[in-house]
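Let's take a walk through a protein chain together, one piece at a time. Keep the picture open while you read, and look up each spot as we get there.

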Amino acid sequence: QVQLVESGGGLVQPGGSLRLSCAASGSVGAINSMGWVRQAPGKQRELVAAITSGGSTHYGDSGKGRFTISRDNANNTVYLQMNTLKPEDTAVYYCDADILLVSGTRISSWGQGTQVTVSS
């Protein structure tokens with residue numbers, strides 16, 4: 001019914017930047033919050049950042065200061081600009097969204113994840 005497709009991950013050197021994108025498609029009526037979580041090897045998933053349809057943002061400890069979340073409501077897309085990346089930012093980054101389907105059903109949807117590796 002709904003797909004979240006992430007892109008923009010990859011290998012970057014410490015101090016570098018990446019911009020992740022996540023686009024929702026399918027039977028999307030409206031999207032409430034969208035966000036990013038990450039999971040490093042051997043660790044639990046942690047919140048990076050979230051943004052409401054009105055543009056209010058919330059950052060987890062991992063996203064404060066160096067990361068910026070934004071969204072394009074017209075295209076059902078959320079972005080994560082990551083600057084001054086550190087090796088400890090290495091993780092799989094997942095997009096999630098609180099979606100109201102055209103049928104009226106509300107669901108929580110997740111993307112497949114995109115790998116971010118910070119290494120020299």
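We'll begin with the whole chain, then go to a sheet, a disulfide and a few individual residues.

First, some ground rules. This is a predicted model, so local features need pLDDT of at least 70 and side-chain atom pairs count only at pLDDT 80 or more, while totals for chains, interfaces and linings use all residues. Residues are numbered from 1 along each chain as its sequence is written, and side-chain values use heavy atoms, with hydrogens and water left out.

The chain has eleven strands and zero helices. Here, helices (H or I, at least four residues) and strands (E, at least two) are DSSP runs, numbered from the N terminus. The C-alpha trace spans about 45 × 25 × 25 Å along its principal axes. What radius of gyration would a compact globule with 120 residues have? It would be near 14 Å, and the chain has 14 Å, so the two agree. That radius is taken over C-alpha atoms, and the globule rule is 2.2 Å times the number of residues to the power 0.38.

How much of the chain is tucked away? Buried residues make up 42% of the 120 residues. Buried means under 20% relative accessible area, exposed means over 50%, and partly exposed is in between (1.4 Å probe, protein chains only).

Now find the open sheet of four strands, with the order 1-3-8-7 and antiparallel pairing. Two strands pair if DSSP finds at least two bridges between them. Strand 1 (2-7) and strand 7 are the edge strands, each pairing on one side only. From one strand to the next, the twist averages 15°; for such angles, axes are lines fitted to C-alpha atoms (for helices, over the stretch in contact), and angles run from 0 to 180 degrees between N-to-C directions.

Zoom in on the pairings. Strand 1 and strand 3 run antiparallel and are joined by six bridges. Leu4 stands opposite Ala24 in strand 3, and Val5 has Ala23 in strand 3 as its bridge partner. Six bridges also join strand 3 to strand 8, again antiparallel. There, Cys22 has Val78 in strand 8 as its bridge partner.

In general, a disulfide is a covalent bond between the sulfur atoms of two cysteines; the cut-off used here is a pair of cysteine sulfur atoms within 2.5 Å. A search of the whole structure finds one. Which cysteines form the disulfide? They are Cys22 and Cys95, with their sulfur atoms 2.1 Å apart. The pair links distant parts of the chain, since Cys22 is in strand 3 (residues 18-26) and Cys95 is in strand 9 (residues 91-101), 73 residues apart. The torsion about their S-S bond is about -75°, so the disulfide is left-handed. Both Cys22 and Cys95 are buried.

Next, head for Arg38 in strand 4 (residues 28-39). Is Arg38 buried or exposed? At 8% relative accessibility, Arg38 counts as buried. Its side chain makes a polar contact with the side chain of Asp89 (2.9 Å), and another of 2.9 Å joins the side chains of Arg38 and Tyr93. A polar contact is a pair of N or O atoms within 3.5 Å; within protein, one must be able to donate a hydrogen and the other to accept it, and residues adjacent in sequence count only if both atoms are side-chain atoms.

Thr90 sits in the loop between strand 8 and strand 9. The side chain of Thr90 reaches the backbone oxygen of Pro87 at 2.9 Å, and a polar atom of that side chain lies 2.9 Å from the backbone nitrogen of Val118.

Finish with some backbone angles. Most residues other than glycine have a negative phi. Asn76, in the loop between strand 7 (67-72) and strand 8 (77-82), has a positive phi of about 50°. Thr84, in the loop between strand 8 and strand 9, also has a positive phi, near 45°. Asn76 counts as partly exposed at 23% relative accessibility, and Thr84 counts as partly exposed at 46%.
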